[in-house]
Amino acid sequence: MERNSSLWKNLIDEHPVCTIWKQEAEGAIYHLASILFVVGFMGGSGFFGLLYVFSLLGLGFLCSAVWAWVDVCAADIFSWNFILFVICFMRFVHIAYQVRSITFAREFQLLYSSLFQPLGTSLPDFRTIAMSSEVVTLEKEHCYAMQGKTSIDKLSLLVSGRIRVTVDGEFLHYIFPFQFLDSPEWDSLKPTEEGIFQVTLTAETDCRYVSWRRKKLYLLLAQHRYISRLFSVLIGSDIADKLYALNDRVYIGKRYHYDIRLPNFYQMSSPEMSRSALTEHFQNSRRHCDK
């Protein structure tokens with residue numbers, strides 16, 4: 001304890017205070033190094049953020065080493081800054097190699113650049129998502145799912161082509177690239193439940209889609225919290241888009257635009273119910289909302 005207090009006294013109390021300050025500023029190399037440090041520490045996260053940080057910090061340490069060698073002539077300052085420069089350079093090369101080694105098939109490249117990259121998903125996270133999926137081809141007029149027959153055992157995302165959605169032969173809406181094929185079915189079931197498609201999905205053109213098996217995807221979401229939140233956002237947004245697409249097609253009477261978010265829409269819109277009864281129920285709902 002006495003030794004620690006003595007060391008502290010030598011460092012603080014007995015250390016000579018600067019009485020004469022240098023009037024001239026340090027050279028341009030020193031200030032350049034300081035600027036590189038400030039800008040470098042503003043880097044973001046992810047692989048490219050790390051590349052940004054280590055590249056600027058490495059240049060900053062290199063400038064500090066040059067400044068220590070040329071202006072200060074201090075071997076210890078030069079040695080430490082040069083060692084830190086080498087560490088930053090090695091980290092930069094290692095991260096660049098990792099980014100370079102991550103390659104995907106054409107479908108996954110389109111999927112990443114169009115859907116996942118704008119959400120800030122890193123390449124390693126997307127690689128984890130891609131490794132648990134498969135790319136499937138669906139020929140024209142072939143069915144992805146048939147109403148009342150196909151079981152819900154996967155989640156798929158369309159990459160190219162167009163899918164037609166029908167129920168009892170009635171057209172509902174289209175599914176376009178970078179939309180989920182079965183997001184409502186996925187969201188309607190719990191992990192322990194099983195279900196059957198209530199609509200038919202038919203390819204209007206040759207299609208390619210990325211598919212995740214249901215059990216495998218649930219395991220992936222349980223292991224990776226970020227990926228779970230990401231899929232929750234994507235699926236929720238996709239369901240909302242499908243609801244609005246369907247909502248734009250539902251008209252009752254001459255001037256009324258029925259909102260499918262009102263209760264019991266699917267029961268009311270069955271073919272057995274007459275148009276007048278459906279219109280009457282809609283008008284009663286409007287009166288109730290006005291009150």
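User: Which residues does the UniProt annotation "transmembrane region" cover?

Analyst: The model shown is predicted. According to the unreviewed UniProt entry, the annotation "transmembrane region" covers residues 28-44, 50-70 and 77-97. In the model, residues 77-97 are 100% helix and 0% strand, with end C-alpha atoms 31 Å apart. Residues 28-44 are 76% helix and 0% strand, and their end C-alpha atoms lie 27 Å apart.

User: What forms the nonpolar patch on the surface?

Analyst: The patch consists of Ile29, Leu59, Leu62, Val66, Trp69 and Val70, which together have about 520 Å² of accessible area. Helix H3 (residues 46-72) supplies the largest share, five residues. Ile29 is found in helix H2 (residues 28-40).

User: Why does Ile29 count as partly exposed?

Analyst: The relative accessibility of Ile29 is 31%. Buried means under 20% and exposed means over 50%, with partly exposed in between. Ile29, at 31%, therefore counts as partly exposed.

User: What is the strand order of the open sheet of three strands?

Analyst: The order is E1-E7-E3, and the pairing is antiparallel. Strand E1 (134-138) and strand E3 (154-160) are the edge strands, as each pairs on one side only. On average, neighbouring strands of this sheet are turned by 35 degrees against each other, direction ignored.

User: How do you know that E3 and strand E7 pair?

Analyst: Two strands pair if at least two bridges are found between them. E3 and strand E7 (residues 207-213) have six bridges in the antiparallel sense, so the two strands count as paired. Lys154 stands opposite Arg213 in E7.

Terms used. Residues numbered from 1 in each chain as written. Predicted model: local features only at pLDDT ≥ 70, side-chain atom pairs only at ≥ 80, totals over all residues. Heavy atoms only, no water. Patch = residues over 30% accessible without salt bridge, like charges linked within 9 Å, V, L, I, M, F, W, Y side chains within 5 Å. Areas by Shrake-Rupley, 256 points an atom, 1.4 Å probe, with all protein chains shown as cover. Salt bridge = Lys/Arg side-chain N within 4 Å of Asp/Glu carboxyl O. Helix = DSSP H or I, 4+ residues; strand = E, 2+ residues; numbered from the N terminus. Buried < 20%, exposed > 50% of the residue type's maximum accessible area, 1.4 Å probe, protein only. UniProt positions renumbered as here; feature names shortened; annotations may be inferred. Axes fitted to C-alpha atoms, helices over the stretch in contact; angles between N-to-C directions.
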